[in-house]
Each structure stands twice: as C-alpha cells, then as structure tokens.
Amino acid sequence: MPRFVVLKHETASGAHFDLMLENERALLTYSFAAFPEPGASCDRLADHRIDYLDYEGNVLGGRGAVTRVESGTFDLLSSGDSAVFAFLRGERLRGAVRLIRRHEDAWTFEPE
C-alpha cells in the first residue's frame, strides 16, 4: 500500500509543510503554508525522492531541515493533470481528500 508523509520544512526564511504522496519511484509533492487542512491552498512542487518518506534532518545544499509531523498509507482513487483523489489513513489526515488544480501550480486541498 502506498505511503504518504507530511514534513515540516524549516528554512532561514520561515517554515512550510510538504505533503508527499508515494507514486512509484517518486513522491508527488504539495507545499502548504500551514499543516494541510480543508480548503487550504497549496503549490505543486517538483516530485521528490522516495527517501523523504523516512527522512528527518538537514536538507542538502543548506536548504533547511525537515521533521515528520504526519505519516500513513493511502489509496490513490484517481489522478490526472487537474485533480488527485485519495483516501488517506494517518493520525490527523484521515478520509477522502481531493487536490484540485486551480491554475498552473496552484492547487486546493478539499475533503471529499
């Protein structure tokens, strides 16, 4: 079963949260200003290395540090260029959610 993780990424300019969904050999990654909650806006980032599912610590290149704040498994119900629909099984993130593309790399996180 695929896994997901939410990492708090602290940098010199502040902190944000990255939701990462396992997808074969990479992680679909979405960046949030705060912990992902219904209605929150997020940005789609480039796919990240699968290693981040289990990693905490400094990020190479002086890009801050990451701490795991949530993890679990999920079912990918559907995925496309404009929406990702998944059923998450974590401590805080539980149930069906949809990531909806609003424009370019701007997305919204919605409960289903």
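**Exercise 1. The fold as a whole**

How many helices and how many strands does the secondary structure of the chain come to? Describe also the overall dimensions of the chain.

*Solution.* The model is a predicted one, and its chain comes to 0 helices and 9 strands. Read from the N terminus on, the elements therefore run β-β-β-β-β-β-β-β-β, as strands are numbered from that end. For the dimensions, the radius of gyration of the chain is 13 Å, close to the 13 Å that the globule rule gives for 112 residues, so the chain is as compact as a globular protein of that length. Along its principal axes, the C-alpha trace spans about 35 × 30 × 25 Å. Of the 112 residues, 38% count as buried, and residues 24 or more positions apart account for 40% of the contacts in the chain with a separation of 6 or more.

**Exercise 2. The pair Phe17 and Phe35**

Classify the arrangement of the rings of Phe17 and Phe35, and state which parts of the chain the pair links.

*Solution.* A pair of aromatic rings is described by the distance of the centres and the angle of the planes. The count of aromatic pairs comes to 4. For Phe17 and Phe35 the ring centres are 6.3 Å apart and the planes stand at 75°, so the pair is edge-to-face, the cut-off for this class being an angle over 60 degrees. The pair links distant parts of the chain, since Phe17 lies in strand β2 (residues 14-23) and Phe35 in the loop between β3 (26-32) and β4 (41-49), 18 residues apart. Turning to accessibility, Phe17 counts as buried at 14% relative accessibility, and Phe35 is buried with a relative accessible area of 10%, where buried means under 20%. Finally, Arg92 lies over the face of Phe35, at 3.7 Å from the ring centre.

**Exercise 3. Tyr30, Trp107 and Arg44**

Work out how the rings of Tyr30 and Trp107 are arranged, and which charged end sits over the ring of Tyr30.

*Solution.* The ring centres of Tyr30 and Trp107 are 5.4 Å apart with the planes at 70°, so this pair is edge-to-face. Distant parts of the chain are linked here, with Tyr30 in strand β3 and Trp107 in strand β9 (residues 106-111), 77 residues apart. Tyr30 counts as buried at 1% relative accessibility, and Trp107 is buried with a relative accessible area of 5%. The next step brings in Arg44, which lies in strand β4 and whose charged end sits over the ring of Tyr30, 5.2 Å from its centre. The side chain of Arg44 is also joined to that of Asp47 by a polar contact of 2.8 Å.

**Exercise 4. The nonpolar cores**

Which residues have the most contacts inside the largest nonpolar core, and which elements give two or more residues to this core?

*Solution.* The largest nonpolar core has 19 residues, and those with the most contacts inside it are Leu21, Tyr30, Leu88 and Leu99. Two or more residues are given to this core by each of β1 (3-11), β2, β3, β7 (83-90), β8 (94-103) and β9. Taking Leu21 as an example, and not counting residues up to four places away in sequence, its contacts include Tyr30, Leu88 and Leu99 as well as Phe4, Phe74 and Val84. A second, separate core of 8 residues includes Val5, Leu7, Met20 and Leu27.

Conventions. Residues numbered from 1 in each chain as written. Predicted model: local features only at pLDDT ≥ 70, side-chain atom pairs only at ≥ 80, totals over all residues. Heavy atoms only, no water. Phe/Tyr/Trp six-rings, centres within 6.5 Å; stacked < 30°, edge-to-face > 60°. Helix = DSSP H or I, 4+ residues; strand = E, 2+ residues; numbered from the N terminus. Buried < 20%, exposed > 50% of the residue type's maximum accessible area, 1.4 Å probe, protein only. Lys NZ or Arg CZ within 6 Å of the ring centre and 35° of its normal. Polar contact = N/O pair within 3.5 Å; in protein donor to acceptor, adjacent residues only side chain to side chain. Core = buried A, V, L, I, M, F, W, Y, C linked by side-chain atoms within 4.5 Å. Contact = heavy atoms within 4.5 Å. Rg over C-alpha atoms; globule rule 2.2 N^0.38 Å.
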